[in-house]
Amino acid sequence: MTEPVTYEVVNGVAWLTINRPEARNALSKAVREGLFAGVRRFNEDDSAKVLVLTGSGDRAFCAGGDLKEMADTSLTVPPVDFVPQFGRNIQVEKPTIAAVNGVAYAGGFLLAQNCDLCVAAESARFAVTEVRVGRGSPWAAPLSWLVGPRVALEILLTGDPLSAQRAYEVGLVNRVVPDADLRGEVQALAERIAANAPLSVRAAKKTAYLSARMGLTEAFEEAERIWEPVYTSRDAQEGPAAFRDRRTPVWSGR
């Protein structure tokens, strides 16, 4: 039997792939468990600097929850740990990228929203379809911070899909690429991130989210606390020394 979720590291980039194309990569129990296991593996994997989340095949990144399974189990309120929500039910300090191929609906939208960056194939489509099936999307609470409240309201109230281009225009997606180029473009982007000083990268990620949960004065104070150990690290000396010596820096992460 094939694994419902696969994990592969390519040149410092971990590819976590939902491998259920026959069901449009729907979030069955096995897939959800595989995603949690894959994220934990990434967190512990020193060889992996960036995580890429994607789906197998060309029809779907992830079409959302497995509605047949949900009906069979009479699912009411999903537990908080139903599916990985980065920063909420599982911490991920290293950067994450969603590589969206095909549809990212409902729980698939959640997974794309979870990631720090999102690159979409031209065929990608995004939607929060819960209002169309009488379900809920409490996980969409950060959406108005990402795209603005009026855009978020339209997405949530209509359930209408967004094209990849529209998702780019409203800020949900960083870039749109031809379908055939998705993996190569994402790999190249991830490698550029992976080449940077790891302590600085992690601190930059934390800093970017501060304004989502605190006022500006508090955010500045917290940012100073986050960056102090970076300034006093070995890598903070290695970077300028490498520039002076005209060589590539060798990061120690310390």
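This is a predicted model: local features need pLDDT of at least 70, side-chain atom pairs count only at pLDDT 80 or more; totals for chains, interfaces and linings use all residues.
Biologist: How many residues of strand E5 are buried?

Modeller: Buried means under 20% relative accessible area, exposed over 50%, partly exposed in between (1.4 Å probe, protein chains only). Strands (E, at least two residues) and helices (H or I, at least four) are DSSP runs, numbered from the N terminus. E5 covers residues 96-100, and five of its five residues are buried. Thr96, Ala98 and Val100 point one way; Ile97 and Ala99 point the other way.

Biologist: Which strand pairs with E5 over four bridges, and in what sense?

Modeller: Two strands pair if DSSP finds at least two bridges between them. E3 (residues 50-55) pairs with E5 in the parallel sense. Four bridges also join E5 to E7 (residues 117-121), again parallel. Ala99 is the bridge partner of Thr54 and, in E7, of Val119.

Biologist: Which residues touch the most other members of the largest nonpolar core?

Modeller: A nonpolar core is a set of buried Ala, Val, Leu, Ile, Met, Phe, Trp, Tyr and Cys residues joined through side-chain atoms within 4.5 Å. Here the largest has 46 residues; Leu35, Phe61, Val100, Leu111 and Phe126 touch the most other members. Helix H1 (residues 29-44) gives the largest share, five residues. A second, separate core of 16 residues includes Trp15, Ile97, Ala99 and Val201.

Notes:
Residues are numbered from 1 along each chain as its sequence is written. Side-chain values use heavy atoms; hydrogens and water are left out.
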